[in-house]
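The sequence and structure come first.

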Amino acid sequence: MTRFLSIFFVVSALFIAPAYSDEKVIEMLNKREDGARMVYSEDDTYINPGDTIKWLPTDKGHNVEFIAGPEGYELLKRSKVNKEVSLTFDIPGVYLYQCTPHRTMGMIALVVVGEDVSNLEQIAATKTFGISKKKLSSLVTGLSLGK
Ligand SMILES: [Cu+2]
C-alpha cells in the first residue's frame, strides 16, 4: 500500500508541475482606483519565466506596445487598440511597455520576469516621451530599491 501511495504521489506531481505557470490580468484604464489617469492597473508586474500576462481593454482607446526588454526578447511589438492581448514571457529580465496613444501621458509600465533586474540600466535609458520620462525614472528608482 505504501509503495502504491508513493507511486501515486510521483505520478500526480508530474501532472501538477505544468500548472505552475501562471496567468496575470492587467487592465487598461482611463482612471485607476488611486486616481491616476490613463494607466494600466499595475505599474510593475512580477512574474516567473513561462508565465502569461493578459491585458484587458476595460476602457477604450488603449493598447500595449513593447519598447524595451532583455537581450533576445521577442514579443508582439504593438497590440491593436481596444483589443485584449495575451503574451507569454520566457526570458528573464525587465520589460518596458507603453500605450501608443498615451505614450506622452505616462501610460507606461514594467514587467519583471524571474526577479532579474540586470538590464535595468538599459530600461532606464530607453527613450520615452512627455511625462512618461518622469514616470519611467520613478518606476526604475522604485525597482532598484526593491519596492
Ligand atoms: Cu492608453
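## Overall fold

Read along the sequence, the protein follows the pattern α-β-β-β-β-β-β-β-β-α-α. That is three helices and eight strands; helices (H or I, at least four residues) and strands (E, at least two) are DSSP runs, numbered from the N terminus. This is a predicted model: local features need pLDDT of at least 70, side-chain atom pairs count only at pLDDT 80 or more, and totals for chains, interfaces and linings use all residues. Residues are numbered from 1 along each chain as its sequence is written.

Of the contacts in the protein with a separation of 6 or more, 63% are between residues 24 or more positions apart. Two residues are in contact if their C-beta atoms, placed from the backbone, lie within 7 Å.

## The four-stranded sheet

Four strands form an open sheet with mixed pairing, in the order E2-E1-E4-E6. Two strands pair if DSSP finds at least two bridges between them. E2 and strand E6 (85-88) are the edge strands; each has a single partner strand, so one side of each is left without a neighbour in the sheet. On average, neighbouring strands of this sheet are turned by 15° against each other, direction ignored, with axes being lines fitted to C-alpha atoms.

Strand E1 (residues 23-31) and E2 run antiparallel and are joined by three bridges. Leu29 has Val39 in E2 as its bridge partner.

## Burial and the nonpolar core

Buried residues make up 24% of the 147 residues in the protein. A residue is buried if 20 or more other C-beta atoms lie within 10 Å of its own, exposed if 12 or fewer, and partly exposed in between, with C-beta atoms placed from the backbone.

The largest nonpolar core has 25 residues, and those with the most contacts inside it are Tyr95, Leu96, Tyr97, Ile108, Leu110 and Val111. Such a core is a set of buried Ala, Val, Leu, Ile, Met, Phe, Trp, Tyr and Cys residues joined through C-beta atoms within 7 Å. At least two residues of this core come from each of strand E2 (37-40), strand E4 (52-56), strand E7 (93-98), strand E8 (108-113) and helix H3 (132-144). E8 gives the most, with five residues. Leaving aside neighbours within four places in sequence, Leu110 is in contact with Asp43, Asp44, Val94, Tyr95, Leu96, Leu139 and Leu143.

## Two residues with positive phi

Asn82 is not a glycine, yet has a positive phi of about 70°. Asn82 sits in the loop between strand E5 (65-68) and E6 and counts as exposed, with 12 C-beta neighbours inside 10 Å.

Glu115, also not a glycine, has a positive phi of about 55°. Glu115 lies in the loop between E8 and helix H2 (120-124). With 10 C-beta neighbours inside 10 Å, Glu115 counts as exposed.

Note on methods
Axes are lines fitted to C-alpha atoms, for helices over the stretch in contact, and angles run from 0 to 180 degrees between N-to-C directions.
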